[in-house]
Amino acid sequence: MKRWYTKFIVDILVYLIGLIVMPSGCSVPGCKRRGGGHEFPREAQRRETWIQVIRQQCQKDKWEPTKYAVVCPSHFNEGDYSCQGKI
Ligand SMILES: [Zn+2]
């Protein structure tokens with residue numbers, strides 16, 4: 001007997017796992033915002049600038065972005081950057 005709902009359940013599980021695993025949340029410490037953002041620049045110097053700014057603003061000296069780190073748009077202000085998350 002074929003279970004018609006098997007695919008439905010699998011779809012839900014995949015979606016839930018995706019919510020947990022997907023690194024779509026903002027990587028700024030204290031910021032809970034999810035749903036994507038700007039990826040870190042690949043250019044080393046610019047990337048380092050982002051990291052330094054986040055460390056300063058958030059007072060977390062050892063902070064490192066993860067491989068898939070993104071920064072949500074709420075931290076950008078006319079090309080500048082500020083940490084608005086709760087520390
Ligand atoms: Zn954020």
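**Figure 1. Contacts across the protein chain.** Residues 24 or more positions apart account for 71% of the contacts in the protein chain that have a separation of 6 or more. Two residues are in contact if their C-beta atoms, placed from the backbone, lie within 7 Å. This is a predicted model: local features need pLDDT of at least 70, side-chain atom pairs count only at pLDDT 80 or more, and totals for chains, interfaces and linings use all residues. Residues are numbered from 1 along each chain as its sequence is written.

**Figure 2. Helices and strands of the protein chain.** The protein chain has two helices and four strands. Along the sequence, their pattern is α-β-α-β-β-β. Helices (H or I, at least four residues) and strands (E, at least two) are DSSP runs, numbered from the N terminus. Of the 87 residues in the protein chain, 11% are buried. A residue is buried if 20 or more other C-beta atoms lie within 10 Å of its own, exposed if 12 or fewer, and partly exposed in between; C-beta atoms are placed from the backbone.

**Figure 3. Helix α2 and its residue W50.** Helix α2 covers residues 44-58 and includes W50. From first C-alpha to last, the 15 residues of α2 reach 21 Å, close to the 21 Å expected at 1.5 Å a residue. That expected span is 1.5 Å times one less than the number of residues in the helix. W50 counts as partly exposed because it has 17 C-beta neighbours inside 10 Å. F40 sits ten residues from W50 along the chain, and their C-alpha atoms are separated by 7.6 Å.

Figure 4. Q59 follows α2. Q59 belongs to the loop between α2 and β2 (70-71). Q59 is not a glycine, yet its phi is positive, about 55°. Most residues other than glycine have a negative phi. Q59 is exposed because 10 other C-beta atoms lie within 10 Å.
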